[in-house]
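The sequence and the coordinates come before the text.

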Amino acid sequence: MDRNALLERLFDVFLASVRYSKRYDSSPRSYGTPDVLYSEECHTLEMIGKNDQISITEIARRVGKTKSAISQMVDRLIKKGLLEKQPHPENERGVLLKLTPKGEIVFAYHAQYDRDQFDKLCEQLDGFSNRELCTYMEIQKEIIRWLKDKGNR
């Protein structure tokens with residue numbers, strides 16, 4: 001197979017990976033409570049759980065979304081009883097986010113779920129050498145660089 005055909009196949013596989021990743025992320029799941037959460041909501045809870053009393057502005061900055069989008073998600077999580085807002089001690093207009101006890105359950109359940117999924121993925125990739133895995137990472141980094149550059153034009 002010539003190089004161009006090989007690179008086309010590589011990019012096709014990459015795009016398939018993106019599609020399956022999006023499908024996975026858009027499937028709601030339960031994480032130890034009756035609540036159904038999307039991946040984005042769960043990862044927001046994870047960020048709050050790992051960074052006690054973080055602000056909406058800081059979450060938006062870290063994930064590259066607008067404050068409005070994060071505020072809407074936070075409001076949904078508050079309605080589900082997973083988060084609470086607390087006044088910011090240094091900024092009277094600001095609020096900090098904190099997990100509720102129910103949010104802590106989701107946080108712990110999700111952490112275990114991620115560990116279990118990571119272990120399964122490691123088993124799946126067990127046949128690849130460290131060198132092959134490093135090569136794959138370098139290829140992915142180049143694709144990401146290309147996509148970032150393409151998005152900035």
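E142 is partly exposed, at 45% relative accessibility (buried means under 20% relative accessible area, exposed over 50%, and partly exposed in between, with a 1.4 Å probe and protein chains only). Salt bridges that share partners also occur in this chain, and they join E41, R76 and K80 into one network. A salt bridge is here a side-chain nitrogen of Lys or Arg within 4 Å of a carboxyl oxygen of Asp or Glu. By this rule the count is ten salt bridges.

E142 pairs with R145, and the N to O distance of this salt bridge is 2.1 Å. R145 and E142 are three residues apart in helix α6, which puts about one helical turn between them. The relative accessible area of R145 is 41%, so R145 is partly exposed. A second salt bridge joins the side chains of E138 and K141, at 3.4 Å from N to O. E138 and K141 are also in helix α6, three residues apart, and are therefore separated by about one helical turn. E138 counts as partly exposed because its relative accessibility is 42%; K141 is partly exposed as well, with a relative accessible area of 41%.

## Model and numbering

The model is predicted: local features need pLDDT of at least 70, side-chain atom pairs count only at pLDDT 80 or more, and totals for chains, interfaces and linings use all residues. Residues are numbered from 1 along each chain as its sequence is written, and side-chain values use heavy atoms, with hydrogens and water left out.

## Overall fold

The chain has six helices and four strands. These elements are DSSP runs numbered from the N terminus, with helices being H or I of at least four residues and strands being E of at least two. Read from the N terminus, their order is α-β-β-α-α-α-β-β-α-α.

The chain has a radius of gyration of 19 Å, whereas a compact globule of 153 residues would have one near 15 Å. The radius is taken over C-alpha atoms, and the globule rule is 2.2 Å times the number of residues to the power 0.38. The C-alpha trace spans about 60 × 40 × 25 Å along its principal axes. Of the 153 residues, 24% count as buried.

E46 and K50 form a salt bridge in which the closest N and O atoms are 3.3 Å apart. Both residues lie in helix α2 (residues 39-50), four residues apart, or about one turn of the helix. How do the two partners stand, buried or exposed? E46 counts as buried because its relative accessibility is 19%, while K50 is exposed, with a relative accessible area of 57%.

## Surface patches

Patches are made of residues with over 30% relative accessible area and no salt bridge; like charges are joined within 9 Å, and nonpolar side chains (Val, Leu, Ile, Met, Phe, Trp, Tyr) within 5 Å. Accessible areas come from the Shrake-Rupley method with a 1.4 Å probe, and for residues only the protein chains shown count as cover. Lys and Arg count as positive and Asp and Glu as negative, while His and the chain ends are not counted. The place of a charge is taken as NZ of Lys, CZ of Arg, CG of Asp or CD of Glu.

D116, D119, E123 and D126 form a negative surface patch. D119 belongs to helix α5 (residues 101-124), and its relative accessible area of 43% makes D119 partly exposed. L121, L125, F128 and L133 make a nonpolar surface patch of about 330 Å². L133 is in helix α6 (residues 130-151) and counts as partly exposed, at 31% relative accessibility.

## Distances across the chain

P87 is in strand β3 (residues 83-87) and counts as exposed, at 69% relative accessibility.

S21 is found in helix α1 (residues 3-25). With 38% relative accessibility, S21 counts as partly exposed. S21 and Y136 are 115 residues apart in sequence, and their C-alpha atoms are 17 Å apart in space.
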